[in-house]
Amino acid sequence: MVRLFGYVDVTDTGFIVAVLSIAFNPFFWNVVARWEHKTRALSQTFGSPRAACYCLGAVILLLNCVRSHCFTEAMKSQPKLEGWDCHWTYYSGLAISAVGTLFVTSSFLALGFTGTFLGDYFGILMEEKVTSFPFSILDNPMYWGSTAIYLGWSLMHASPAGLLLTAVVAISYTIAVLYEGPFTEEIYRRKQKGVKSK
């Protein structure tokens, strides 16, 4: 990893913007979702929890598009690793991206829109924990699938900058999981406690 720094200008404006956009996204959705859980302000503003969740989901999708654009522009503005600029690396990256896309898509299908976009913070709870594919293979497949997509994209472009930015994505998601996991478990623990007391 240290060797990659020799190929990357971390002071480049595009690289810095990409890092900031990567770090901002999970910070934003966690702060807004916790604020909603505490105040119900978005649900009141939009008239219902479901409408508020759909609006937040739309904003998150828009921010993800911005992040992907910044990531791609940062890669394009930095040099390629010539030894990796070959068919083998390209198709390896394509395969990794395909697996990542499978995890992201199947996670979305298993969770639905509100399950994917923090519906539990809006009081839209699932009946039970999802354990079907891809959750049967790994925890947080949406996050790790997204990380795999960026890793594959970086390999397809033989981009050391992309690999460093993928590491930032992985670190951001790891922090998000540490932040979200216990809070979400507590939401469902309270739900179970409420059901048992009835």
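Predicted model: local features only at pLDDT ≥ 70, side-chain atom pairs only at ≥ 80, totals over all residues.

Modeller: The axes of helix H1 (residues 13-39) and H3 come within 8 Å and cross at roughly 165°. Angles over 145 degrees count as roughly antiparallel. H1 and H3 are therefore roughly antiparallel to each other, and their crossing is left-handed. On the H1 side, the residues in contact include Gly 14, Phe 15, Ala 18, Ile 22, Phe 28 and Trp 29. H3 contributes, among others, Leu 56, Val 59, Ile 60, Leu 63, Asn 64, Arg 67 and Phe 71. By class, this contact of H1 with H3 comprises 15 nonpolar, 4 polar and 1 charged residues.

Helix H3 spans residues 49-76 and helix H5 residues 141-156; their axes come within 11 Å and cross at roughly 25°. That angle makes H3 roughly parallel to H5, and H3 passes H5 in a right-handed crossing. Here Asn 64, Arg 67, Ser 68, Phe 71, Thr 72 and Met 75 of H3 meet Ser 146, Tyr 150, Trp 153 and Ser 154 of H5. The contact of H3 with H5 holds 4 nonpolar, 5 polar and 1 charged residues.

As for the records, an unreviewed UniProt entry places the feature "transmembrane region" at residues 7-29, 88-113 and 161-181. Over residues 7-29 the chain is 74% helix and 0% strand, with the end C-alpha atoms 32 Å apart. Over residues 161-181 the chain is 100% helix, and the end C-alpha atoms lie 30 Å apart.

Key
Residues numbered from 1 in each chain as written. Heavy atoms only, no water. UniProt positions renumbered as here; feature names shortened; annotations may be inferred. Helix = DSSP H or I, 4+ residues; strand = E, 2+ residues; numbered from the N terminus. Axes fitted to C-alpha atoms, helices over the stretch in contact; angles between N-to-C directions. Parallel < 35°, antiparallel > 145°, perpendicular 65-115°, else oblique. Left-handed = near helix turned anticlockwise from the far one by under 90°. Contact = heavy atoms within 4.5 Å. Nonpolar A, V, L, I, M, F, W, Y, C, P; charged D, E, K, R; others polar.
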